[in-house]
Amino acid sequence: MDTITDLLNQYSKQQGNSDLRESVEHRDISDGIDIIKSEDNVISDDYKKGEGLISSFLIVVISGGEVRESDYLSELSKKRTFPHIKLIFVSSEKGKGGLSPKMMHEKLNDIIEYREPTKTSKILYSSIDKIFMISDVDHYYDELAQLLLDCNDPKEIWIISNPCFEMWLYYAHFDEIRNEIRVLETLPQPQQSSTLKTINDTIVKGGIDPRKAFGLIQTANENSKKNYHIDENNIPQLYSTNMYVFGEYVLNAIGANEFEKWLAEKQKKIESYRKRAT
């Protein structure tokens, strides 16, 4: 099994021709970091920051959750889907319970070099376009409030959902707070996330599948933005998520025409499958 050093050594993008020849999607790395990248993971020569040829985006996602979030991003990580998007996903090993916000920041420092790299296992900071830190509020309110105060990096954006990432999946289908989920207001904080996940599995026929929800990102952007509210510490209030910041950035990186083309092709495949099944 490749170590994180082996993988990032091959990915040092200042060389301009880094090449990860085999898929590392959803693979457990020996030091507890998972990286989701494209199926072939070849960084083309035209992705060299200093040469004015920026046809690709390198996005780093550090996630507190290791399952639903990675499933949601799986479509984005496929090289054949959006070849100019390169995604690095970092979380805990599957089944290890995820990462706290502080642990997420530690993982970020583990893989990024802010000056010219002295270790080949680091990714050069200047080669990264955006860093998204995706966290639930859960019981991490105090940690998040402090990290938001300390964060002054323009590339680093905290994406916070209250109570959890399921709120973002909810907004892919609904534009208002329905009565079914208002029960969260009556529950103690430790029960809110698990309850919302249960409700999401029943409120939509067949349940909310995060792997399919990416196709509804435009709807989720609009609905979550409309219902977004923060408190005095800039923490999203209950039923709020700023995942739309990630969604808008990604759609801009993909391009409107490219995304619509992908949606049309995806729908065509679904209709073809249905015809064969009948």
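The model is predicted.

Reader: How many helices and strands does the chain have?

Author: The chain has 10 helices and 11 strands.

Reader: What is the mean pLDDT of the chain?

Author: Read pLDDT as the predictor's confidence in each residue. The mean for the chain is 81. A value of 70 or more is reached by 78% of the residues.

Reader: Where does pLDDT stay under 50?

Author: Over residues 1–54. For that stretch the model has 149 contacts beyond four places in sequence.

Reader: Which share of contacts joins residues at least 24 apart?

Author: Start from contacts between residues at least 6 apart in sequence. Of these, 72% join residues at least 24 apart.

Reader: Now the sheet. In what order do the 5 strands come?

Author: The order is 6-5-9-10-11. The sheet is open and its pairing is mixed. Strand 6 (85–90) and strand 11 (240–241) are the edges. Each has a single partner strand, so one side of each has no neighbour in the sheet.

Reader: In which sense do strand 5 and strand 9 pair, parallel or antiparallel?

Author: Parallel. Strand 5 (residues 57–63) and strand 9 (residues 130–136) are joined over 5 bridges. Take Val60: its bridge partner in strand 9 is Ile131.

Reader: What packs on the sheet?

Author: Helix 3 (residues 101–111) does. This helix touches strand 5, strand 6, strand 9 and strand 10 (156–162). Its direction makes about 155° with that of strand 9.

Reader: How many bridges join strand 5 to strand 6?

Author: There are 6, and the two strands run parallel. Phe57 stands opposite Ile85 in strand 6.

Reader: Which residues of helix 2 meet helix 9?

Author: First, the general idea. An α-helix has 3.6 residues a turn, so residues three or four places apart point the same way. Now the case. Tyr72, Leu73 and Leu76 of helix 2 meet Met243, Phe246, Val250 and Ile254 of helix 9. By class, this contact has 7 nonpolar, no polar and no charged residues.

Reader: At what angle do the two helices pack?

Author: Helix 2 and helix 9 (residues 243–254) pack at about 10°, with axes 13 Å apart. Angles under 35 degrees count as roughly parallel. The two helices are therefore roughly parallel to each other.

Reader: Last, a loop. Where is the place of Asn242?

Author: In the loop between strand 11 and helix 9.

Reader: Is Asn242 buried or exposed?

Author: Its relative accessible area is 10%, so Asn242 is buried.

Reader: What does Asn242 touch beyond four places in sequence?

Author: Trp158, Ile159, Ile160 and Tyr228. Also compare C-alpha positions. Asn242 and Asn162 are 80 residues apart along the chain, and their C-alpha atoms are separated by 9.5 Å.

Note on methods
Residues numbered from 1 in each chain as written. Predicted model: local features only at pLDDT ≥ 70, side-chain atom pairs only at ≥ 80, totals over all residues. Heavy atoms only, no water. Pairing = 2+ DSSP bridges. Helix = DSSP H or I, 4+ residues; strand = E, 2+ residues; numbered from the N terminus. Contact = heavy atoms within 4.5 Å. Axes fitted to C-alpha atoms, helices over the stretch in contact; angles between N-to-C directions. pLDDT = per-residue confidence, 0-100. Parallel < 35°, antiparallel > 145°, perpendicular 65-115°, else oblique. Nonpolar A, V, L, I, M, F, W, Y, C, P; charged D, E, K, R; others polar. Buried < 20%, exposed > 50% of the residue type's maximum accessible area, 1.4 Å probe, protein only.
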